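The entries follow in the order of the searches.

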Amino acid sequence: MRHIVVIGGGHAGCEAALGAARSGGVGVRVTLFAMSLDSIAMMPCNPCIGGSAKGHLVREIDALGGEMGRAIDATFLQSRMLNASKGPAVYSLRAQADKKRYMQYMKRALESTPNIALREGEVQEIIVSPAGDGVAAVRTESDERLPCDAVIVCSGTYLQARCLYGETVNHTGPGGQRPARALSENLRSLGFSLHRFKTGTPARVHRRSIDFSKMSIQQGDARLVPFSFETDPAVAAREQIPCYLTYTTPETHEIIRENLHRSAMYSGLIDATGTRYCPSIEDKVARFADKERHPIFIEPEGADTAEMYIQGMSSALPEDIQVKVYRSVPGLEGAEIMRPAYAIEYDCIDATRLALTLEDKHIRGLFFAGQICGSSGYEEAAAQGLLAGINAAGHALVLTRAQAYIGVLIDDLVTKGTPEPYRMMTSRAEYRLLLRQDNADLRLTPLGHAAGLICAQRYARFIQKKELVEKEVARMKNTVVSPEAANPLLAGKNSALLTSGAKLADLVKRPELSYEALTPLFDPEETCDLPPFVRNAAREQVNIQIKYEGYIAMQENQAQQFAKIEAQPLPRHLDYRNISGLRLEARQKLWKSKPASFGQALRITGVSPADLSVLMIYLKAHEA
């Protein structure tokens, strides 16, 4: 039996353990170590799942058979579809979570999986084989030596963690949890280069101290769209809790400017690299001096707590200044801070040492996932954890940039590396019209089934849905309607009338029309044993595929052209240092990264198309 140890019980660790156990079946045993079992799937920062591009990741996790989508569907407080006024490529689902219930859900999922054992404790050392090329065991703080075949490091922000605000420095992990102190040095001894990154979180304020009448209310969507393809919206629907919007003021900015020197970020206490795309309120005021105000969202932490999350006001200012800053915001004049804002810094690895499977290139059986790889965010962590778990269980699943946002995420981290905490965005995906959140199951569920994560019943239903979509698209393209039949309906839709027969697909492509709007002209294809919510999803898919057919075809052609380059493998042990035609920078970076293919090599900063031409000539010459 293959034994896998997962280090860390955050979002990466949860998906890694579940992915390994489920894909490995009875042939795999998983032991998950967490610093505290009460911190499983903790949300130390924003208690939400999804958002721009992140919602795509959650849909892809679900399509592969991961747990995050089902967990948030069962525990959300509010759900909204972002970018709904734009095209489907950038629609992004976001849900506010009940953080305690989410943690409980995920802990139950782990506990109820027979071949997963949960252990509270710190893994202090990863022990490699005498030859130094493979994992042999782990050693815990109690000096227990646990033999294993693979280790997945999902340490999050715990490695040598410390939390700071003002002059206060607490050597703790997120949420006051104890940090992991020993593993960093062990990783260095194994040859890893470590970086110091920083992120942060805002204060939590008591609900009773907030004047919501001075804020704009932010309601959830009336039409619920779940994250999981298995969730029936009618079953998941519940009364949603509103969020609120307010703004900083000139007084807010003045208080911050006068006290910048007291922030741990500006006083010199912090020398770690912070996240570019989620700056502190100090950074916003200092870097964007032309902005008269910044939006602040007030969001609930749970249905059974009075703590409110103040999104947009992450800070490392002293607590007394935090109080003044928060109370300068409309609606927060009487704010009672329950937990102060803080910055947290931690160790992470240079992920360019990893293969696309997230396995170390030098030590067999050693995998990494989540913020230890330099990423930020629960969704990015969970996506990496799932892939690492599947591959640690004996699979070799690699997702390309044309297959999934997960493929973009992992390729960016292991090919380019990241000089700052990495955040997924739709702009990072070259083929985002192909990688929509609505078709994640069509792209990835067959791969999840092949990896053992999608049960036979779910896969059979997926096949039915896929066939229904294909049949309906074909029918729309082949069915012609007459002007007499169509024009009464078109007139009601303010659409140009027909003078001759037209195919239904051509009518669907009109901006003012849709598949649903045209159903009076035909009987929608029905598959009786598919639930209504699955049939509705299939109809949405038909509409999108027809409406954007030309653009989708263009991106598919681009992806196929690039795949010809991407698919050309490079020898794993090629010594780039001895290829004289390569520029020095290219030699150094190719030798360090050891790319798996020409496509991956081209994405390495400092490697030019000319360098690849030299490389192709070199390989052809040596093949001869």
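Entry 1, aromatic pairs. I took rings of Phe, Tyr and Trp (its six-membered ring) as paired if their centres lie within 6.5 Å, with planes under 30 degrees apart counted as stacked, over 60 as edge-to-face and the rest as tilted. The model is predicted, so I note that local features need pLDDT of at least 70, side-chain atom pairs count only at pLDDT 80 or more, and totals for chains, interfaces and linings use all residues. Residues are numbered from 1 along each chain as its sequence is written, and side-chain values use heavy atoms, with hydrogens and water left out.

I searched the whole structure and found four aromatic pairs. One of them joins F192 and F368, a tilted pair at 5.0 Å centre to centre with 55° between the planes. F192 lies in the loop between helix 5 (183-189) and strand 13 (194-201), and F368 in strand 22 (residues 366-368), so the pair ties together parts that are 176 residues apart in sequence. Helices (H or I, at least four residues) and strands (E, at least two) are DSSP runs, numbered from the N terminus. I checked burial next: F192 and F368 are both buried, meaning under 20% relative accessible area with a 1.4 Å probe and protein chains only (exposed is over 50%, partly exposed in between).

I then looked up Y515 and F522. Their ring centres are 5.3 Å apart and their planes at 65°, so this pair is edge-to-face. Y515 is buried at a relative accessible area of 1%, and F522 is buried at 9%.

I required NZ of Lys or CZ of Arg within 6 Å of the ring centre and within 35 degrees of the ring normal. R238 lies over the face of F76, 4.0 Å from the ring centre. R293 has its charged end over the ring of Y247, 3.6 Å from the centre.

On a 1 Å grid over the protein atoms alone, a cavity is a set of points where a 1.4 Å probe fits but cannot get out, and lining residues have an atom within 4 Å of a point. Grid points are joined across faces, edges and corners, and a volume is the space filled by probe spheres set on the points.

I found two cavities of 30 Å³ or more in the whole structure. The largest has a volume of about 40 Å³, and I list its lining as L356, L387, L397, V398, L399 and I410.

Definitions and conventions. On a 1 Å grid over the protein atoms alone, a cavity is a set of points where a 1.4 Å probe fits but cannot get out, and a pocket is an open set with protein on both sides within 12 Å along at least five of seven lines; lining residues have an atom within 4 Å of a point.
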